[in-house]
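Hi,

Here is the model I promised to pass on.

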Amino acid sequence: MTPYLEATGINKRFGGLQALRDCSFTVEQGRITCLVGPNGAGKTTIFNVVTGFFRPDSGSVAFRGRKLDGLRPQAIVQAGVARSFQNLRLFDDLTALDNVLVAVARQFAEEPLGAIFRPLRAAGEQRRATERALETLEHVGLAAQARQTVRNLSYGERKLLTVARLLATGAELLLLDEPASGLSAGALDAIMALLRRLQSEGKTLLVVEHNTRVVQKIADQVLFLHQGHLMARGSPAEIIGDPRLAEIYFGGAI
Amino acid sequence: MVRRYWIGVASILAALAGSAVASPSFAADSIQFGAVLPLTGPGGVIGTQEQRGIEFAVDEVNAKGGVDGHQIVVQYEDNQAKPDQSVLSFNKLVDLQHVSVVFTGYSGPTLAMAPLATRKKVLLVNAGAQADKLADASPYLINTLPTIGDEIKVLSKYLASEGKKKAAILFENDAAGISGRDDYLKLIPAAGGEIVAQEPSQFGQTDYRPALLKLAGSNPDVVVLSITAGLLQLAQQYRQLDMKFMVAGTTFMADPPTIADPASKGFIHTQVQIDAPADMAANFKKKYGSDMDFFAKQYYNAATVVLTCLAKVLKEKKEVSGENLRTALFEIRKFQGLIPMEFKTNTAATAIGINMMSDGKDQRIKEISSE
Amino acid sequence: MIWLQLLAQGLVTGCALGVVAISFSLIYATTRIFHVAHAGVYTMGGYVAWSLIQHGVPDPLALILAIAACTAVGALIQHQLYHRLERRRATQLVILIASLGVLAVIQNIIAAVYTPNILQFASAWGGRTLSLGGVLVSYAQLLIVLVSLATYGGLLFFAHRTLLGKRIRAVASNPFLAEITRLQPQDVYVIVIAIASAVVCLPGVLVPFELGLQPYGGVTVLLTATIAMIAGGVGSITGAFVLAVAIAVLQNLSLLVMPGEWSIGVTFFIFVIFMLFRPRGLFAAG
Amino acid sequence: MDFLNSYIVLAEIYVLLALSTNLLVGIVGIFSVSQAAVFGVGAYIVAALLMGDILPFLPAILVAALCCVALNILVTLPSLRVAGDYFVVTSFGIQLLATAVFTNWTEGTGGANGLPGIPPPAILGFEFDSTGQFLLLSSAALAAGCLCFWLIMRAPFGRLLRAIREDEMAVAAAGKNVLRAKVGAAALAGALAGLAGGVYGTFLSFIDPSSFDLDASILMLTMVVVGGARTLTGSILGPFLLLALPQLLTLVEIPSTIAAAMRQLIYGLLLIAFMLFRPQGLAGERL
């Protein structure tokens with residue numbers, strides 16, 4: 001059977017720097033896969049390649065057997081693969097609700113003609129979309145903050161909002177870039193619980209994560225990236241247990 | 001938000017209505033004229049001179065106790081030589097100040113106001129713009145100076161008679177300049193000459209060297225000008241590049257600093273005859289610190305024409321309206337302002353002379369009437 | 001022979017334009033402010049010099065005093081206006097509009113004081129000409145070329161060899177980093193605009209020496225200069241200067257093949273196309 | 001009261017232009033200073049169609065609007081390729097290019113002389129001749145324009161545009177087509193400018209390049225900023241205020257020979273003051 005997400009032989013260089021070197025990996029459906037590795041290992045670059053923000057120099061990405069190569073980001077999202085950003089990239093002047101609504105897939109009147117000539121239908125669909133968005137917010141636990149602008153949200157709430165926006169796209173494979181970084185213990189538990197819940201609802205997650213504690217808690221499988229190359233894969237225990245990788249990862253700190 | 005917006009619009013409209021009321025109200029027996037001129041922007045050069053011309057004439061009359069006891073007040077509006085501002089200003093003058101005469105300059109704005117003048121029967125007096133279209137733009141549009149066409153006809157004949165057959169055109173890339181060029185294109189061949197080249201210069205841009213050089217390339221006998229500003233710079237650059245061809249043009253060239261500058265030696269131009277008596281010119285210079293140039297004289301002249309008509313209307317105890325003033329104008333027909341003028345049509349027929357600049361003076365060498 | 005003369009004219013105009021372009025580039029690259037009011041400073045310089053000369057001040061001294069005046073005004077604009085706006089986290093658009101306001105103020109003060117008439121410098125020397133291999137140039141033009149080239153060289157040296165210059169380039173390349181390394185961008189900004197204003201004053205005075213003064217003249221000059229800056233690559237002194245000269249020369253030579261009405265239009269058309277295919281300019285650093 | 005009427009008519013026309021500019025600059029964040037060019041094309045097309053007796057008023061307006069849609073998409077395209085700061089200048093370039101064409105293409109535009117004698121608009125035989133009657137027409141156009149703007153802003157499209165202004169990359173990551181949205185906005189902005197142009201030309205019965213130059217573009221920009229960006233209210237306030245300003249300033253007593261310059265000067269000071277103390281304009285959102 002064809003793997004759920006498969007990246008094969010991806011190369012990407014920026015000027016002098018070889019960010020990804022013959023990098024291949026697969027992600028299995030319904031699992032939480034963590035992407036770990038030292039800084040500059042190319043984790044985020046992989047996200048950018050998979051979601052169509054970067055063109056790889058060579059290599060190819062396939063989702064459910066369908067090639068994503070050369071598709072524009074929006075097309076890839078519609079194909080079912082969506083990503084979040086390390087620096088969140090929320091729409092700060094919009095409300096939490098609007099942030100989610102922007103991402104709701106296949107809305108009517110997302111172009112001028114529909115908006116002007118079928119205002120009633122637009123309004124109707126708008127209501128339905130809003131309901132769905134509110135549910136999503138509810139789901140990540142931001143129902144109370146729906147009408148607040150992002151500026152007034154705490155960092156933890158913003159992180160949750162990025163997940164909500166991701167869900168709204170209706171994608172089934174979610175790429176999360178450091179969803180847990182910089183969070184307080186409380187917020188950390190909240191987000192981990194959320195990720196587990198998403199998995200239980202049939203979403204597949206590919207997560208870049210530095211915090212080994214988080215990795216141990218949520219990961220079903222771990223991909224270890226080093227110098228743009230997939231160095232090892234296995235269960236959290238195997239990877240984190242491996243002294244050789246720890247050496248690379250912590251630069252001999254342990 | 002919506003409330004705020006209504007407050008905003010309401011206050012603005014209130015303020016405008018206020019401007020209607022508050023707009024300077026004068027002694028009951030004073031009579032108001034309007035003037036819509038470009039007082040700022042590149043056009044301001046000429047606009048201010050035109051304004052001074054009117055002001056000078058009106059002050060003179062008011063000092064003598066006005067037109068049979070009525071003081072004259074002129075309301076000046078700045079249109080920055082733009083048509084929409086002109087229409088706004090025109091309506092303002094007519095509605096709020098109830099003026100029956102509006103002075104104007106510049107072809108564009110005048111053409112924009114002409115239809116309104118017709119509809120509202122307001123006398124529109126132009127003494128600066130010479131575009132040919134102005135001749136029949138509105139029965140209420142009076143031009144107190146001949147159109148460019150009239151002048152160029154004279155110039156072309158003169159050049160031909162002097163054997164300057166090969167002409168090149170240097171024109172300013174704006175309404176006045178272009179209509180001048182079109183006349184050259186039409187009238188010089190008609191007079192038996194030929195156009196060997198033409199080159200524009202941007203309005204307000206005073207580096208004429210490239211244009212001069214290019215024209216020189218087609219070695220013409222004469223370069224005919226259709227520019228309204230920067231003539232001094234042109235003359236100096238002409239000398240610096242020591243060009244061989246003759247330079248000729250229309251009344252636009254009668255620019256005191258240029259005439260005073262040795263560089264302009266030998267320049268030929270037609271001149272709508274208009275001379276201010278020495279003492280008047282002196283007073284003008286004393287009052288405004290600048291010479292009474294062509295436009296100042298023209299508008300002074302136009303003002304005297306209007307004032308003469310006004311005097312007639314008042315003497316006949318008729319209402320001061322654009323209509324009556326217009327009738328008066330055509331009844332009087334022959335005027336003696338700074339120069340003799342005759343109105344057979346809306347456009348005055350005046351004497352046109354050929355002048356030559358030399359050693360700081362502008363000498364007449366020939367005179368013809370503009371018909 | 002005409003083309004040679006046209007070429008010469010182009011070079012003169014281009015050099016003057018080049019200095020304007022450099023000065024604007026200096027400001028834009030460092031502060032990211034679209035300093036339209038720079039056109040006002042440019043115009044102001046000429047008028048200050050003119051009235052000083054009217055009052056019998058010798059030409060060179062007048063030039064120096066004019067430069068001082070421009071420097072002061074430039075620094076004032078940055079310190080009193082742009083700095084405040086940036087403290088209020090104003091966007092590019094807001095600052096641009098404010099700058100347009102300043103431009104209107106400067107131009108109309110000038111128009112109110114000097115009338116909108118074209119003023120000509122009385123000094124006779126500028127008009128004298130000499131022939132270089134059949135090409136006639138006026139002393140004023142010669143001076144413009146020499147001063148411009150000197151300024152260009154001087155700024156190159158300043159930017160790359162002097163400490164202040166390096167500091168400015170540091171701020172330009174990364175204001176945030178500069179901030180944390182306590183280079184105080186805001187101080188640098190004031191210095192930069194002051195310098196740029198001083199520099200732009202040179203053509204501001206010398207060009208009117210042969211073309212006369214007009215209160216509303218500066219804008220087209222600045223715009224063409226800006227285009228030279230962008231096309232040359234923001235921050236590249238050489239790029240700005242070379243492109244400015246190129247544009248002026250092309251505009252002049254183009255007369256040989258097409259009527260002049262179109263020269264400006266064509267310039268911008270080429271520019272727009274150019275921007276579509278080379279959005280980062282020719283000499284862009286990085 | 002023709003003065004007030006003509007003021008309102010012109011203000012209403014400029015509201016349409018402010019809306020057009022607001023849509024691009026305020027909402028999508030495409031810093032365009034070439035809206036006057038599009039405005040002009042609209043005016044010239046309508047003028048040509050009416051003077052040549054080719055089409056009646058309404059179809060003429062429609063044609064003009066469509067052409068301006070195409071044109072505006074074309075002139076906005078560089079913004080998809082060129083970074084914000086650079087696009088400003090590209091946009092300046094487009095504007096000057098347009099001015100050059102208006103001034104020099106004498107056959108088409110009457111050149112710098114302009115086109116006099118544009119016939120007044122007639123709908124089903126009813127001629128909008130006097131300023132009073134024309135007020136009805138311009139008000140109708142205004143209503144249509146505002147309605148469109150309002151509908152857009154409350155529809156998902158409006159939200160998408162605001163999002164694009166804040167972060168295009170994030171919008172793409174949310175699965176939306178940034179390019180298509182921008183083109184849509186440009187199209188609408190073009191239609192508004194074209195409509196304004198048609199109404200403007202027929203109202204003045206005369207057009208020349210001076211109404212469609214860089215100053216005009218900057219005036220529109222200023223109207224948006226002073227009125228307030230990103231709101232319908234702002235785009236209505238701005239034009240009414242800025243067109244009234246010079247008229248109101250005539251009340252200030254200044255020696256007449258320098259009055260005009262002083263007025264312009266005060267106008268400049270007002271701009272600065274606004275930017276310093278109220279960058280969100282009278283009734284808008286922070287720019």
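In chain A, A:Leu225 has A:Leu230 of β10(A) as its bridge partner. The strands involved are β9 (residues 221-226) of chain A and β10(A), joined by 5 bridges and running antiparallel. Strands here are DSSP runs of E, at least two residues long, and helices are runs of H or I of at least four, all numbered from the N terminus; two strands count as paired if DSSP finds at least two bridges between them. As a reminder, the strands of a sheet pair through backbone hydrogen bonds, either parallel or antiparallel.

Before going further: this is a predicted model, where local features need pLDDT of at least 70 and side-chain atom pairs count only at pLDDT 80 or more, while totals for chains, interfaces and linings use all residues. Residues are numbered from 1 along each chain as its sequence is written, with chains lettered from A and ligands numbered from 1 in the order in which they are written.

Back to chain A. The pair above belongs to an open sheet of 6 strands with mixed pairing, in the order β6-β7-β8-β3-β9-β10. At its edges are β6 (81-83) and β10 (229-234) of chain A, each pairing on one side only.

Chain B has an open sheet too, with 7 strands in the order β7-β6-β8-β9-β10-β13-β14 and mixed pairing. β7 (194-201) and β14 (361-369) of chain B have a single partner strand each, so one side of each lacks a neighbour in the sheet. Further in, 5 bridges connect β6 (residues 166-172) and β8 (residues 222-226) of chain B, which run parallel. There, B:Ala168 sits opposite B:Val223 of β8(B).

Now for chain D and its partners.

With chain A, the contact takes 25 residues from chain D and 29 from chain A. Here α8(D) gives the most to the chain D side, with 7 residues.

Cheers

Technical notes:
Contact = placed C-beta atoms within 7 Å.
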